[in-house]
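Take a moment with the sequence and the 3D view below. The report that follows walks through a few selected places.

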There are 2 protein chains.
Amino acid sequence: MTAPLHDKRPGTSGARLPDTQHGMRRRNLSRVMHAVAAHGPLSRAAVASRIGLTRAAVSTLVEELIRSGLLDELGPERPGRRVGRPGSALAVSARGPVGVGAEVGVDHLAVCAVDLRGEVRARAVRRVGNRGRSPEPVLRELTAMVQRVCDDARRAGMSPVGLAVAVPGLVATDTRTVVRAPNLGWRDTDLEPLLLSGLPLTVDNEANFGALAELWLGKGIPEDFLHVSAEIGIGAALVVDGRLLRGARGFAGELGHIPVRAEGPSCPCGGRGCLEQYAGEVAVLRAAGLEPGEGRLGLLAERAAAGDKAVRRALRGAGTALGIALTGAVNLLDPEAVVLGGALSRLAPWLLPSLELELTGRTGGRACGVTVSGLGPDGPLLGAAHSVVRGVLDDPVGVSAAG
Amino acid sequence: MTAPLHDKRPGTSGARLPDTQHGMRRRNLSRVMHAVAAHGPLSRAAVASRIGLTRAAVSTLVEELIRSGLLDELGPERPGRRVGRPGSALAVSARGPVGVGAEVGVDHLAVCAVDLRGEVRARAVRRVGNRGRSPEPVLRELTAMVQRVCDDARRAGMSPVGLAVAVPGLVATDTRTVVRAPNLGWRDTDLEPLLLSGLPLTVDNEANFGALAELWLGKGIPEDFLHVSAEIGIGAALVVDGRLLRGARGFAGELGHIPVRAEGPSCPCGGRGCLEQYAGEVAVLRAAGLEPGEGRLGLLAERAAAGDKAVRRALRGAGTALGIALTGAVNLLDPEAVVLGGALSRLAPWLLPSLELELTGRTGGRACGVTVSGLGPDGPLLGAAHSVVRGVLDDPVGVSAAG
């Protein structure tokens, strides 16, 4: 599969290829697919007017996409509905490619298959404590789940075309090696030989996939935003002009290690007074007088909702620390919005007041707004599956030629 | 003039236009110009092989560029130099367009004209204290300097095609309005009606132009780096994949207002313990026991070089604060390098040890390297002029059609 266009890592983007007839045709095929996926069913004329090409040019592109099984023709429109020769509406194929997304969480594994229209067509989830488990058994279990989901999709007439895996850690620019996932205990682990699904594989950080899900599926989300998420650690992903900023080594977004209090407690990263020392799960549980353990973010939300004063005080403190770290991030990046996603979205009611007080005060009221994700903890898994779907929409011919 | 391609602000980039024959031709003309400007003189065959088009395609593009006065044909190569029909080497025209750059500094005004080969062809500089002066007289003076530089360029047979102005402040996305320049005392000042040079005008922050100069002219600078500069305040500019990250409102890069010590002294920005409170010019002078005033960064460098202990201690403290702020920035952005530019490059010998100690310690040795700019205080002015030149190279036909 050709690399999706949102991936700007060196050597993975086709944006700098010389302009040739062939490259132009591939990009125009992509424009047709995106238009029909986002706004279909559409007539050829409506596609032409949306993407600014002639109707004749669109017709030859559409024929190729129908032949490749990516578009369906819904049959002639009813006579009398419009003036002129009746057109035939186009829709993305319901029996075409699906993208498979998977997530390795600290306390769960999940897999889903999403079709070109963005609908989840098959799904599998397992609660399982993965902290400290070695990669082999975890990925054996995940491979079996991927196979089941792919079998379900194939039985429904669809073709899985790629697998994207979200992990809670830093991923190398090879998009397959987990460099560090401290909360799993993995280091320098190449997932490719351990995930034998027969599909092209892309591995990425869960915060990145969460941000992409927000961009593609969120309501009213701008094209420039900072997405902050947490499972055990605190991560962020910056989206600029609708693309992820990944950093030179793919390690951008380590919001959890911004120094909040320069002389504060030591952090395993080597720093002192990092945000995670004040707003990470372990720090918040400790401040609330609770023991660390699996699934404790849910407990925090329940207790806070029930009015537990110690928990609310701990979340206020975490909100203050988030506000200080985000002051730095907002000054540096000037995003249009900050979006709290993942587990943070459940805790937002108790984090937001102190967070906003800090951010507004420290920026003289000039900071952008802070909003809460509507996708919640499903973001990374959906973002992973949709990244494969976007790969098809971005280069339909490349994918159908490979498939 | 068409917006240069490094400008990704909404509505200014042509990258999302549908692919048409016309758009393809414009981009290929640009590829030819860039190849010849960077590597010329080149034969048509060498251009073709560099940009991956056929020699026939390159020849028709070259003819158009010669007709537009952008390329010169140097005459047939000497026989015997190579096998086959002698080609004729191409070079960018020495009598073609020039870009005019200008800088409004706190203590100086400067203007220069740069040709398509990147050479400075005319120049004017004036030391003048601009702090607290109203925009009208400052820009009247600058306009006269621009006119003189343009007259010089025209007398030498060249055509000024655009003016870019670097200012020490935040600039709106309209690229003409200075929103805030605290060290000049300007607010919401539209420069367009005050700079009547007859040339298309672009205004930008001096840190942004400094970073672009580093990208285009620096030696061994990667395509992903964080450029930190200081005149009176401390600014930064992030370059990603060879493009500036400007932020949603154009205000990205406010490194000076990252909180370094959350409960530290109040800052005029509304925050507390901002980097500028520890490493800004006024803070460093005060820590060294010196009075604030114009041109004091030079004094700091002299005293530090002479071994003044109070000055060296003050610069060590500033380096520590820079190291803490950069720890946050590096965790968030993962640049390939940090480059100290502008006035900071002169102070680097005394800032770097404590800065690197902090940055290395707080990132467990995983941070990128810190290097010092070779351009020094000339960066922003050169970056401004070169941004106009890049605009010509990026869209030669648009410019010659407008000119």
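Start with a loop. A:D241 sits in the loop between β12 (234–240) and β13 (243–245) of chain A. A:D241 is not a glycine, yet its phi is positive, about 50 degrees. Keep in mind that the model is predicted. Is A:D241 buried, partly exposed or exposed? A:D241 has 17 C-beta neighbours inside 10 Å, so it counts as partly exposed. A residue needs 20 or more to be buried, and 12 or fewer to be exposed.

A:D334 is found in the loop between α9 and β14 (337–340) of chain A. Here too phi is positive, about 50 degrees, in a residue that is not a glycine. A:D334 counts as buried because it has 23 C-beta neighbours inside 10 Å.

|---|---|---|
| A:G40 to A:P41, cis | about -5 degrees | between α1 and α2 (44–51) of chain A |
| B:G40 to B:P41, cis | near -5 degrees | between α1 (21–39) and α2 (44–51) of chain B |

**A covered strand**

Now look at strand β3 of chain A, residues 97–104. Eight of its eight residues are buried. Both faces of β3(A) are covered. On one side lie A:P97, A:G99, A:G101 and A:E103. On the other lie A:V98, A:V100, A:A102 and A:V104.

Which strands pair with β3(A)? One is β6(A), residues 159–167, which runs parallel to β3(A) and is joined to it by seven bridges. Within this pairing, A:G99 has A:G162 as its bridge partner. The other is β4(A), residues 108–115, which runs antiparallel to β3(A), again with seven bridges. There, A:E103 stands opposite A:A110. β3(A) and β4(A) form a hairpin, with three residues between them.

**Where the chains touch**

Finally, turn to the contact between the chains. How many residues does each chain bring? Chain A gives 46 residues and chain B gives 46 residues. On the side of chain A that touches chain B, the elements giving two or more residues are α1 (21–39), α9 (309–333) and α10 (343–362). The largest share, seven residues, comes from α9(A). By class, this side of chain A has 20 nonpolar, 13 polar and 13 charged residues.

Terms used
Residues numbered from 1 in each chain as written. Chains lettered and ligands numbered in written order. Predicted model: local features only at pLDDT ≥ 70, side-chain atom pairs only at ≥ 80, totals over all residues. Contact = placed C-beta atoms within 7 Å. Helix = DSSP H or I, 4+ residues; strand = E, 2+ residues; numbered from the N terminus. Nonpolar A, V, L, I, M, F, W, Y, C, P; charged D, E, K, R; others polar. Pairing = 2+ DSSP bridges.
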